[in-house]
Amino acid sequence: MSLLKILRPQCLLSKRYGVLNMVSGAQQHVRHRSRLPMNTMLLFVPQQEAWIIERFGKYHKILEPGLNLVFPVIDTIKYVQSLKEIAIDIPQQSAISIDNVTLQIDGVLYLRVVDAYKASYGVEDAEYAITQLAQTTMRSEIGKINLDTVFRERELLNYAIVEAINKAAEAWGIDCLRYEIRDMKLPARIQEAMQMQVEAERKKRAAILESEGIREADINVAEGNKQSIILASEANKLERINQAAGEAEAIVKRAKAKSESILLIANAIAENHGSDAVSMKIAEEYVYAFSQLAKTGNTVVVPANTNDISGMVTQALSIYKGLGINLKAPEPSKESSEIPSRFNKSGSFSPP
């Protein structure tokens with residue numbers, strides 16, 4: 001009977017720290033652990049490990065790292081807990097999203113033992129319990145969201161799984177640090193549909209970018225045409241302004257030149273033999289004009305006395321003298337001088 005009591009911790013060890021950790025279908029996930037050390041009275045506990053000691057089958061104490069004295073036979077090393085961070089593989093499992101899409105998901109769970117007493121006596125197999133809790137929590141969280149949200153908000157999904165595990169694992173003395181979804185498999189038809197959706201989205205974005213490029217190009221061309229038209233109109237405007245200014249200046253200069261020529265002619269006429277010079281000039285112009293007849297048209301109207309040059313000159317001089325008399329300012333008549341006197345100072349008309 002005493003032999004069975006001695007062998008009982010080893011049986012519990014194989015159950016708690018045995019080779020078989022998790023079975024999913026036909027696949028086995030194996031974790032290799034060290035055997036329980038023998039009680040040799042003087043025990044050296046490694047760093048980051050906690051050894052649970054039972055005395056007469058009852059919890060006695062936890063050995064700290066370093067040298068420890070333990071009595072043989074009455075004290076037994078019941079559990080050895082590692083205080084390091086542990087990575088546990090979460091086997092692949094199926095989960096259904098809220099839009100009825102079946103996913104095959106596996107992950108990795110990172111945890112640490114924070115209370116060796118609770119991890120030893122709070123649950124029979126802490127890793128197995130954590131693994132099952134992670135699987136059920138992951139299925140529950142995925143069932144709350146749709147497929148698109150699973151891809152977009154994977155970080156939030158991992159955070160929700162860690163929070164749910166920590167609430168349950170607090171009584172086991174285990175702290176879940178993080179959970180990461182490692183692989184996610186979709187049905188073939190869903191993958192094809194998603195691939196088609198991605199291709200359509202990329203084609204849509206390409207068409208939008210192409211249309212925006214064409215629009216920008218058209219806008220740039222229109223803006224260039226607008227600027228060119230504006231610049232051309234401004235150039236035409238400046239050209240017309242300069243042309244008008246040049247023509248006005250030319251007209252002024254021609255008028256000044258003509259007035260100076262007329263003044264010179266008048267001074268020349270006023271001198272001795274000026275009328276003879278005018279007669280000679282008119283005769284020259286008459287001969288020149290007569291020589292230009294019938295050059296620009298077929299119909300010609302000529303005076304009856306074309307051979308009488310002296311008569312034509314005399315007629316031209318008489319016309320010139322008549323214009324000179326008519327251009328003189330007429331003297332005001334008596335009646336016109338009396339007209340303003342018929343208006344009084346107030347501006348009203350008074351009859352004679």
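1. Leaving aside neighbours within four places in sequence, aspartate 75 is in contact with Asn39, Ile53, Glu54, Arg55 and Val70. This is a predicted model. Aspartate 75 sits in strand β7, which covers residues 75–82. Its relative accessible area is 3%. Aspartate 75 therefore counts as buried, since the cut-off is under 20%.

2. One of those partners deserves a second look. The side chains of aspartate 75 and arginine 55 are joined by a polar contact of 2.6 Å.

3. Asparagine 158 belongs to helix α5, residues 154–169. Buried or exposed? Asparagine 158 is buried, because its relative accessible area is 7%. Neighbours within four places in sequence aside, asparagine 158 is in contact with Tyr179, Glu180 and Ile181.

4. Next, the backbone. Most residues other than glycine have a negative phi. Check methionine 41 against that: its phi is near 75°, a positive value. Methionine 41 lies in the loop between β2 (27–30) and β3 (42–45). With a relative accessible area of 38%, methionine 41 is partly exposed.

5. Asparagine 100 also calls for a check. Its phi is positive, near 60°, and the residue is not glycine. Where is asparagine 100 found? The loop between β8 (85–96) and β9 (102–113) holds asparagine 100. Its relative accessible area is 66%, so asparagine 100 is exposed; the cut-off for that is over 50%.

Conventions:
Residues numbered from 1 in each chain as written. Predicted model: local features only at pLDDT ≥ 70, side-chain atom pairs only at ≥ 80, totals over all residues. Heavy atoms only, no water. Helix = DSSP H or I, 4+ residues; strand = E, 2+ residues; numbered from the N terminus. Buried < 20%, exposed > 50% of the residue type's maximum accessible area, 1.4 Å probe, protein only. Contact = heavy atoms within 4.5 Å. Polar contact = N/O pair within 3.5 Å; in protein donor to acceptor, adjacent residues only side chain to side chain.
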